[in-house]
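Subject: Structure for your study

Dear colleague,

Please find below the structure that I am handing over to you. I would be grateful if you kept it open while reading the notes that come after it.

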Amino acid sequence: MGMTMTQKILAQHAGLESVRAGQLIEAKLDLCLGNDITTPVAINEFEKAGFTDVFDKHRIAIVLDHFTPNKDIKSATQCKQCRTFARRFDIDRFFDTGTVGVEHALLPEQGIVAPGEAIIGADSHTCTYGALGAFSTGVGSTDLGAAMAVGKTWFKVPAAIKVVLKGKKKPYVSGKDVILTLIGMIGVDGARYESLEFTGPGVAEMTIYDRLTICNMAIEAGAKNGIFPVDDITRAYVSGRVDRPWTAFEADPDAEYERTVEIDLDQVDCTVAYPHLPENTHPAREGKDIAIDQIVIGSCTNGQLPDMAAAAAVLKGRHLAPGVRGIVIPATMQVYRACMREGYTDIFLDAGCIVSPPTCGPCLGGHMGCMAAGERCVSTTNRNFVGRMGHTESEVYLASPAVAAASGIAGHIAHPEEV
Amino acid sequence: MNAQGKVHKYGDHIDTDVIIPARHLATQDPKELAAHCMEDIDKDFIKNVHEGDIMVAGVNFGCGSSREHAPIAIKAAGISCVIAANFARIFYRNAINIGLAILECPEASAGISAGDEVKVDFDTGVITDLTSGKTWQAEPFPPFIKDMITKGGLMASLRAKEA
């Protein structure tokens, strides 16, 4: 029996000819990742266990992106602990204020992740790198602490759901709408413990940034990972970024899938996930009655340059509705600089938005845009759980940058064609 | 090994943001994390919970963020075992890694009521509701996981291997 793309990558990293769904394996890791919330706990575990060295100082990334620039003394203390650890072991993929970006936008941009690699990160959205044809998944801090010491970890080989994309994207439709549509179809536990393997003629319709957004939110369907095949779009993106050899894995023609889900892109329109689960999806055109107080455009899901471009295209020459606050967060310093160069920053400022330095901040109710009771936000982030962006009685509506921008102008949920 | 205590019951898709809200993640102190455990959906949980109590929930328990602070907070609040219909995968790993007992049992998850006195036998996987008198059989851990738990969690089992 053949293997899925994920299974092939795992087999190779476990030094096995083949693996099957459900098998427990130990796999070598090409990279392990932590942020300023999860790394401190990993360092404690690493030190408590008595480890005195890391497995490879080039294969650990520490990204201080969540509560930075530090929101309070406690978060500053956590960052200091990460900084001390990074210096002690001369970790070269250490990103601090000035170089830091939101981790899952930063690592692909900097060529730190590549097709065919096996990556874990103590952050649930580590599954983003499947966009490049890598196996990557989120773990906890103890797993990270162990991986930093030994460079490998255990996995249960996942079964897979085959997601066949076909048709053509409509105007304003992006990867965000595709993944929200999929989560709406299969539910927040629809792919629990499984891989989401994307395939079909519609893959060519998906830019690398669409793919990054789609794989980023695989976890919101409970998936272990999401993964796209490696094609010319992938090669064009990694060329000039990744300077080491990498491997393009392909699913076997006779690979076994638990089930197949088909998405006809012609039928996908701008989609919004209402509180309090990402599966609670509705068409953006039906949101007129939902007045909003804030928009957030950014995050590991939608903080890349094309996301900024999509928001700027809608906001150009317009202004936020009275009473709506607009927070735009380019995900990396490169994106931040490009926004200035392309004139997007001026467009955002003219529209009445603020432009924040890279941070995860508001996505998880950390800082830079928490909400009070009764407030509502249309956000390009990835979770709309109770209390996710502040008060438990505040509400987060998940959408694409174009929809968030349109909603900011309208003062209620809106499709970009409506403003 | 057994656990016995009063049940705190919750629904489906209990996410890590409600188990421990991100606004409290600037600390790693288990007691401080426990003080805010479940507060966004049950502000009285931390007042009502007693050492050894049991948490029961529906499907996809622990979905969302990878924060290990979630099982740490539950454990430090005094919960001796979480019984759920099933668990989100990162939470499942984290709970095992930090030594929070968890059991998958859809039937027990449906059959146990809030406030019941429940006993769990970890060796056999038998769950007994002492209030209703009903019993259920939970899914046993795969041998690999059981071995890791026996050795005292991930770090301890790694150290044992290295030695």
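The notes below describe what was found, beginning with the whole and ending with single residues.

Please bear in mind that this is a predicted model.

**The two chains together**

Chain A and chain B touch each other through 51 residues of chain A and 43 residues of chain B. Together they bury about 3,800 Å² between them, and carbon and sulfur atoms account for 57% of that area. On the side of chain A, the residues that lose the most area to chain B are Trp154(A), Arg192(A) and Tyr193(A), which together make up 17% of what that side buries.

**The two domains of chain A**

Chain A itself is divided into domain 1, residues 5–263, and domain 2, residues 271–418. The C-alpha centres of these two domains of chain A are 24 Å apart. Where the domains meet, 36 residues of domain 1 are in contact with 40 residues of domain 2. The area buried between domain 1 and domain 2 of chain A is about 3,000 Å², with 61% of it coming from carbon and sulfur atoms. Val102(A), Tyr172(A) and Lys176(A) supply 20% of the area that domain 1 buries against domain 2, more than any other three residues.

**Pairs of helices in chain A**

In one of them, helix H2 (residues 39–48) of chain A packs against helix H5 (residues 141–150) of chain A at an angle of about 55 degrees, and their axes are 8 Å apart. Because of that angle, H2(A) is oblique to H5(A). The crossing of H2(A) and H5(A) is right-handed. From H2(A), the residues Thr39(A), Val41(A), Ala42(A), Glu45(A) and Phe46(A) take part, and they meet Ser141(A), Thr142(A), Leu144(A), Gly145(A), Met148(A) and Ala149(A) of H5(A). Sorted by class, this contact of H2(A) with H5(A) contains six nonpolar, four polar and one charged residues.

The other pair consists of helix H6 (residues 175–186) and helix H7 (residues 208–216) of chain A, which pack at an angle of about 30 degrees with their axes 8 Å apart. Angles under 35 degrees count as roughly parallel, so H6(A) is roughly parallel to H7(A). H6(A) and H7(A) also have a right-handed crossing. In this pair, Gly175(A), Lys176(A), Val178(A) and Ile179(A) of H6(A) meet Asp210(A), Thr213(A) and Ile214(A) of H7(A). The contact of H6(A) with H7(A) has three nonpolar, two polar and two charged residues.

**A pair of helices in chain B**

In chain B, the axes of helix H4 (residues 69–76) and helix H5 (residues 89–98) come within 9 Å and cross at roughly 50 degrees. That angle is why H4(B) is described as oblique to H5(B). Here too, for H4(B) and H5(B), the crossing is right-handed. Ala70(B), Pro71(B), Ile72(B), Ile74(B) and Lys75(B) on H4(B) meet Phe91(B), Asn94(B), Ala95(B) and Ile98(B) on H5(B). By class, seven nonpolar, one polar and one charged residues form the contact of H4(B) with H5(B).

**Backbone details in chain A**

The peptide bond from Thr68(A) to Pro69(A) is cis, with omega near -15 degrees. Pro69(A) belongs to the loop between strand S3 (60–63) and helix H3 (73–88) of chain A. Another cis peptide bond joins Pro275(A) and His276(A), and its omega is about -5 degrees. His276(A) is placed in the loop between strand S12 (271–273) and strand S13 (281–283) of chain A. Asp90(A), although not a glycine, has a positive phi of about 55 degrees. You can find Asp90(A) in the loop between H3 and strand S4 (93–95) of chain A.

Yours sincerely,

A colleague

Note on methods: Residues are numbered from 1 along each chain as its sequence is written. Chains are lettered from A and ligands numbered from 1 in the order in which they are written. This is a predicted model: local features need pLDDT of at least 70, side-chain atom pairs count only at pLDDT 80 or more; totals for chains, interfaces and linings use all residues. Side-chain values use heavy atoms; hydrogens and water are left out. Axes are lines fitted to C-alpha atoms, for helices over the stretch in contact, and angles run from 0 to 180 degrees between N-to-C directions. Helices (H or I, at least four residues) and strands (E, at least two) are DSSP runs, numbered from the N terminus. Angles under 35 degrees count as roughly parallel, over 145 as roughly antiparallel, 65 to 115 as roughly perpendicular and the rest as oblique. A crossing is left-handed if the near helix is turned anticlockwise from the far one by less than a right angle, and right-handed if clockwise. Contact means heavy atoms within 4.5 Å. Ala, Val, Leu, Ile, Met, Phe, Trp, Tyr, Cys and Pro count as nonpolar, Asp, Glu, Lys and Arg as charged, and the others, Gly among them, as polar. Domain bounds come from an automatic or database domain assignment. Buried area is the accessible area (1.4 Å probe) that two parts lose on being put together, summed over both.
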